[in-house]
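These are my notebook entries on a single structure, set down in the order in which I looked things up.

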Amino acid sequence: MEVVAENRCYGGVQYVYRHPSNTCACDMTFGLFMPPQAKHGPVPVLWYLSGLTCTHENAMTKGGFQKFAAEEGVALVFPDTSPRGEAVADDQAYDLGQGAGFYVNASRSPWSAHYRMYDYIRTELRAIVEDLTGEAVRHGITGHSMGGHGALTIALRNPDLFKSVSAFAPIANPTRSDWGRKQLSSYLGEDEAGWAQYDSTLLLEELGWKGDILVDQGASDQFLDLLRPESLAATMTARRQPGQLRMQPGYDHSYFFVASFAGDHVAWHAERLND
């Protein structure tokens with residue numbers, strides 16, 4: 001485990017780590033913010049999964065989460081969005097390959113050699129984070145766009161690992177969207193039966209969720225048709241799933257939107273993680 005960066009931040013410390021990953025068969029990098037309360041013992045942990053083209057750094061530097069996490073006494077984890085390196089398969093398109101791992105376990109060549117972000121988040125990186133924070137139970141997860149898709153699908157399939165889940169403008173129904181069908185067919189193959197395990201709308205319909213769910217969506221999001229929040233909202237209604245899907249007037253898909261509601265999400269998770 002290599003410490004790439006260590007910066008004082010709101011009384012806590014923002015770390016960046018690099019480590020060799022057995023799951024992804026390459027070096028992986030992630031950020032970890034430890035709030036000042038962590039000096040006195042384990043604190044709850046909130047995972048933030050980023051969207052297409054992002055690394056661990058985007059939300060870490062643009063999201064504004066650390067201020068609120070320091071106030072609430074919550075650690076933050078910022079994973080990368082894909083495996084990286086010269087030996088890792090890539091594509092010229094921005095929405096496939098490096099920077100676009102989609103939080104799936106790829107089963108199709110050449111992606112299957114490295115693209116196992118689902119297992120990386122829930123097993124390998126989870127174990128590392130538990131070791132670094134000393135907290136094994138109080139974990140919540142959120143994310144933006146592709147990362148919102150990842151947060152919802154990982155939480156819904158692993159309710160034993162996460163106590164709370166929220167999302168910012170998630171790709172909510174990827175099996176019915178061009179942000180999803182392209183990636184799922186590339187990573188998993190053409191058999192759509194295997195895609196459902198990575199679609200939060202379908203997973204919620206099948207599995208439900210043990211608590212409530214918070215989703216914020218910009219009403220002026222330029223990618224609204226690709227995100228399909230109406231599918232998730234309809235499933236929440238049909239299942240009578242506790243939660244909120246808030247359409248925020250005037251907000252787009254940018255980090256300005258994420259930063260505007262970062263405090264809401266950190267406080268929301270802190271309340272549930274400390275319950």
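**Entry 1. Helix H8**

Which residues of helix H8 (residues 229-239) are buried? I worked on a predicted model, and in it I found Pro229, Ser231, Leu232, Thr235 and Met236 of H8 to be buried. They span an arc of only 160 degrees around the axis, and therefore lie on the same side of H8. I noted the general rule that an α-helix has 3.6 residues a turn, so residues three or four places apart point the same way.

I then asked what the buried residues of H8 pack against. I listed helix H4 (146-157), helix H6 (200-207), strand S8 (213-218), helix H7 (224-227) and strand S9 (243-248). On the face of H8 turned away from its buried side I found the exposed residues Thr237 and Ala238. Just after H8, I recorded a positive phi of about 55 degrees at Arg240.

**Entry 2. The sheet**

In what order do the strands of the open sheet stand? I read the order of its 9 strands as S1-S2-S3-S5-S4-S6-S7-S8-S9, with mixed pairing. At the edges stand strand S1 (2-9) and S9; each has a single partner strand, so one side of each is left without a neighbour in the sheet. From one strand to the next I noted an average twist of 15 degrees.

I went through some of the pairings in turn. S1 and S2 run antiparallel and are joined by 7 bridges, and Arg8 stands opposite Val13 in S2. Strand S2 (residues 12-21) and S3 also run antiparallel, with 9 bridges between them; here I found Pro20 opposite Asp27 in S3. S2 and S3 form a hairpin with 4 residues between them, and Ala25 in the turn has a positive phi of about 55 degrees. S3 is also joined to strand S5 (residues 75-79), by 4 bridges and again antiparallel, with Gly31 opposite Phe78 in S5.

How many of the 9 residues of strand S3 (residues 26-34) are buried? I counted 8 of the 9, so S3 is largely enclosed by the rest of the structure.

**Entry 3. Helices on the sheet**

H2 lies across S1, S2, S3, strand S4 (45-49), S5 and strand S7 (164-168), and runs at about 150 degrees to S5. H3 packs on the sheet, where it touches S2, S3, S4, S5 and strand S6 (139-143); its direction makes about 50 degrees with that of S3.

Which residues of H2 are buried? I found Phe65, Gln66, Ala69 and Ala70. They cover an arc of only 130 degrees around the axis, so they share the same side of H2. After H2 comes Gly73, where I recorded a positive phi near 70 degrees.

**Entry 4. Salt bridges**

How many salt bridges does a search of the whole structure find? My search returned 15, and I examined some of them.

The side chains of Glu71 and Lys67 meet in one of these, at 2.8 Å from N to O. The two residues are 4 residues apart in helix H2 (residues 65-72) and therefore separated by about one helical turn. I noted Glu71 as exposed, with a relative accessible area of 52%, and Lys67 as partly exposed at 35%.

Arg84 forms a salt bridge with Asp80, where the closest N and O atoms are 2.7 Å apart. Is Asp80 buried or exposed? At 5% relative accessibility I noted Asp80 as buried, whereas Arg84 is partly exposed at 26%.

Glu271 forms a salt bridge with Arg272, with 3.7 Å between the closest N and O atoms. I recorded Glu271 as exposed at 55% relative accessibility and Arg272 as partly exposed at 21%.

Elsewhere, salt bridges that share partners join Arg116, Asp119 and Arg122 into one network. I placed Asp119 in helix H3 (residues 117-133) and noted it as buried, with a relative accessible area of 16%. Leaving aside residues up to four places away in sequence, I found that Asp119 touches Thr23, Asn105 and Glu124.

Conventions: Residues are numbered from 1 along each chain as its sequence is written. This is a predicted model: local features need pLDDT of at least 70, side-chain atom pairs count only at pLDDT 80 or more; totals for chains, interfaces and linings use all residues. Side-chain values use heavy atoms; hydrogens and water are left out. A salt bridge is a side-chain nitrogen of Lys or Arg within 4 Å of a carboxyl oxygen of Asp or Glu. Buried means under 20% relative accessible area, exposed over 50%, partly exposed in between (1.4 Å probe, protein chains only). The arc is that of the directions from the helix axis to the C-beta atoms. Contact means heavy atoms within 4.5 Å. Two strands pair if DSSP finds at least two bridges between them. Axes are lines fitted to C-alpha atoms, for helices over the stretch in contact, and angles run from 0 to 180 degrees between N-to-C directions.
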